[in-house]
Amino acid sequence: MQTFVTDLLCIGAGLAGERVAIEAAGAGFDVICLSIVPARRSHSSAAQGGMQAALGNSAMGEGDSPDVHFMDTVKGSDWGCDQEVARIFCDNAPIAMRQMAHWGVPWNRVVAGKSFYYKGGERYEKEEKAEKEGLITARAFGGTAKWRTCYTSDGTGHTVLYTMDNRAAQLGVAVHDKTEMISLIHDGGRCLGAVARCLKTGELRVYLAKATLIAAGGFGRIYRESTNAVICDGGAHAAVLDTGVVPLGNMEAVQFHPTGIVPTYILVTEGCRGDGGTLLDVNQERFMHVYEPDKAELASRDVVSRWMMHHIREGKGVQSPYGQHLWLDIRHLGEEHIRVKLREVDEICQNFLGVDPVHSLIPVKPVQHYSMGGVRTNKDGAAYGLAGLFSAGEAACWDMHGFNRLGGNSLAETVVAGGVIGVKVVDYLRGASAQYGTAVVADRVARDQERIRRLTEGADGSEDVYKVRAAMQDALQDGVHIFRNKEGLERAVATLQEVHARAKRIGLKSDGVGANPELALALKMPGLVRLALCVAHGALMRTESRGSHAREDFPERNDRDWLTRTLATWKSEGDDLPTLDYEPATRTFEIPPGERGYGGGKIIPMDSAPKPGKEN
Amino acid sequence: MDRTLKFNIFRYNPMAQGTAPRMETFVLPEIPSMTLFIALNQIREEQDPSLQFDFCCRAGICGACGMLINGRPGLACKTKTKDLPEEITLLPLPVFKLVGDLSVDTGSWFREMYARVGSWIHTDKQFDPLAEEERMDNALANEIYELERCVECGCCVAGCGTARMRKDFLGAVALNRIARFALDPRDQRTDRDYFEIIGDDNGIFGCMGLLGCEDVCPKELPLQDQLGFLRRKMGLTAIRRFLPGAK
Ligand SMILES: Cc1cc2nc3c(=O)[nH]c(=O)nc-3n(C[C@H](O)[C@H](O)[C@H](O)COP(=O)(O)OP(=O)(O)OC[C@H]3O[C@@H](n4cnc5c(N)ncnc54)[C@H](O)[C@@H]3O)c2cc1C
Ligand code: SF4
Ligand code: SF4
Ligand code: FES
């Protein structure tokens, strides 16, 4: 078996992983990034819309500042975020965008003079200032007070990731692609690295590192309908949960994006609405302005998704063989705008729907999109529970998003957090020395080999891994979706517990030899169901509505009892539920909890007495 | 509709001892809006769980799913079965190292390419976190983006006669990458520097100009224009080298 020894091991070579890697490599440390796919195919490349930073260069962004960005982010989070972290993020975002420009991102720039834009289907005029010509420009996104989203047409993630990977290549960061981490090596107190499986040969490898970073992106594929790439399945999160000591934060906070196209659930960017696209119902009438007179289509995602589902429930959905949907209308933006600034959207519609968005409506509905939850870290990116383990990007619960992430705040997070946490990782590496307990390593490898042997021989049973996965996805899709209630959540938890038992009895149908894909899935399947249980059980216990977590039976945001973050740990192999603990959502309040200004809903204030026990 | 599709799929697992490459046939009923992504996953989940292929974004964005579809390189996730005949033959992309079945190793090929072309901005300027960003004309930014839209699927390489014959041929994708940096004022390399990288038969002068590359590029990159542009530029650079006072 091959063993690699390095200073920093990044699990993931998307934007977050590579940004941290660059910081460490720049400081002279050895870095290896693992990735299931070549770095540039990481899901960061799929982000179309853009990334937020308060540069304030564009006319509609005038007067913007990190303070305004901070206010939007905290409101967006429904006061579920760590305000200290949100502050670090907003202050650093403008610098990060400029640094990406320096490294080569072809950001769209300010063009001086008059031009038109659309809002809610209406045409308006704006004038860009001559003195700002050539600076990084911005577009509108949901939930923001100013136009703040920096972009390159609608290939933002693509260009930023390509630039980041160029920089990583320049600094000699090693990316081992087609390599999948399957377990973490740790002694209960310190993380020593990971065991990975080579997806070219099927061989196991050991990676030993002074510091290990989880930057494995989201886990949306535990749901049946998701905008996420097929590799965003949560395998790395499952491995973290399996340590038994590292908690995952706020797993019940799952974002649904308003505009997944039906039936493939490929995303069309929020930029469509930001640029003035509207949502229409079965009668081809707008409805968002009725529910949200002020923000309309540009309220935050949780709010828009909820009103869409509500509107469908009111009988205003469009019937289709794939269930009901609504329409997205961008026709009025005009051919030039659509073919140039929304080019990917144009391509997606033409290719996957056979529809030309210049002339036709786009069928959309809300689908799983983003995981606010993840590996819980402190503000330095250090994971709870194990020294030497860090996390950044969508995989982490660093926690600037709380219960709802604003569009454009995630790509920006990967780059900003990557830079900030990279510095902390370098500090850690400077003080760290490597000691590897060989027994710990050998034991971990032996356990993984034994898992593979049992799966290949069918020692535990003959459950079909694909059927088990489908059962898990259906349980979440049915019971832990946009609107949640006790009954549905209890059913989901019970079903998932059965699925968990089945996942322990999986046996391979094929021989498992080489880069066998059935084995890859079977190895993580029980862990994926445990992740699903963290989501479902966490949602059942949280008896309030906050951001994307909407309980029909507890419609109030309850700051008195639930201004908290859920921490889910899987204490022992034999458990069939996670252990849940809670910590305050934030230690400091720059802005005390208040109204978001959209989304309606009642709030039970923090200081309202009396304070009964949490009713479940 | 109601067609029954017949898939002839290349099978070979280099890690399984004593096996030889072969074609295998799978049969599936066609469903509305079926793509090769849907079909191949269905085959794997219902008929042969060992079948290897690569998909990632399944939305034509990441470039993972390049393969030969009835002889032509293309992205499988973007290919609808209704645009294909009832009999569909799938082979892995040539040129790249085979991992197994339809899966090839594009990652190593591209990583080597970045090293050869120096795929990053070459500059001696330091980043100043306190300074305003350097300005750029928006039209130029758009032009750079136009060339940066490549998803590294490898279709152009697989469709190129020269690349199949010459292992060291850079291919349209790498030449396009050079064109992208040559366009970017942030990159301080001169034409002479680029000439060092591509001014030979493994570079721009090895290209036969038959444009198999542009025909198959799923992102419709203007490869033909870029190849022409570089050929002229490098031709001039070659001449200037022999002139007195050349730099
Ligand atoms: C369709 C879509 C559009 C989006 N648009 C926007 C937008 O416009 N603006 C915005 O702000 N956000 C957007 N987002 C969200 C944003 O793109 C992501 O949250 C962000 O890119 C995540 O980056 P990351 O570096 O954390 O992870 P990723 O880019 O997902 O990278 C994860 C990496 O981890 C690797 N990996 C995973 N598991 C393992 C394992 N077990 N072993 C080894 N490697 C592993 C993968 O191979 C990959 O390299 C969008 C998301 C989607 C799905
Ligand atoms: S023009 Fe022909 S030879 Fe030149 S890169 Fe394209 S396919 Fe290859
Ligand atoms: S140039 Fe086109 S065909 Fe070639 S790798 Fe890029 S996207 Fe694929
Ligand atoms: S899977 Fe990403 S392009 Fe086909």
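**View 1. The side chain of A:Glu128 contacts the backbone of A:Ala59 in this predicted model.** The side chain reaches the backbone nitrogen of A:Ala59 at 2.7 Å. Polar contacts are pairs of N or O atoms within 3.5 Å; within protein, one must be able to donate a hydrogen and the other to accept it, and residues adjacent in sequence count only if both atoms are side-chain atoms. A:Glu128 lies in strand E5 (residues 122-128) of chain A. Helices (H or I, at least four residues) and strands (E, at least two) are DSSP runs, numbered from the N terminus. A:Glu128 counts as buried because its relative accessible area is 6% (buried is under 20%, exposed over 50%, partly exposed in between; 1.4 Å probe, protein chains only).

**View 2. Ligand 1 sits in a shell of 39 residues.** A residue belongs to the shell if one of its heavy atoms lies within 4 Å of the ligand. Among the closest are A:Ser42, A:Glu394 and A:Leu411. A polar side-chain atom of A:Ser35 is 2.8 Å from a ligand oxygen. A backbone N or O atom of A:Leu411 lies 2.7 Å from an oxygen atom of ligand 1. A polar backbone atom of A:Gly50 is 2.9 Å from a ligand nitrogen. The protein covers 98% of the 1,000 Å² of accessible area that ligand 1 has on its own (Shrake-Rupley method, 1.4 Å probe; for residues, only the protein chains shown count as cover). Helix H11 (409-431) of chain A gives the most to the shell, with four residues.

**View 3. The peptide bond from A:Val262 to A:Pro263 is cis.** Omega is near 10°. A:Pro263 is in the loop between strand E12 (254-261) and helix H6 (271-274) of chain A.

**View 4. A:Ser153 has a positive phi.** The value is near 40°, in a residue other than glycine. A:Ser153 falls in the loop between strand E6 (149-150) and helix H4 (156-170) of chain A. A:Ser153 counts as buried because its relative accessibility is 3%.

**View 5. B:Arg58 also has a positive phi.** Here phi is near 50°. The loop between helix H1 (36-46) and strand E3 (66-69) of chain B holds B:Arg58. B:Arg58 is buried, with a relative accessible area of 6%.

**Notes.** Residues are numbered from 1 along each chain as its sequence is written, with chains lettered from A and ligands numbered from 1 in the order in which they are written. Local features need pLDDT of at least 70, side-chain atom pairs count only at pLDDT 80 or more, and totals for chains, interfaces and linings use all residues; side-chain values use heavy atoms, leaving out hydrogens and water.
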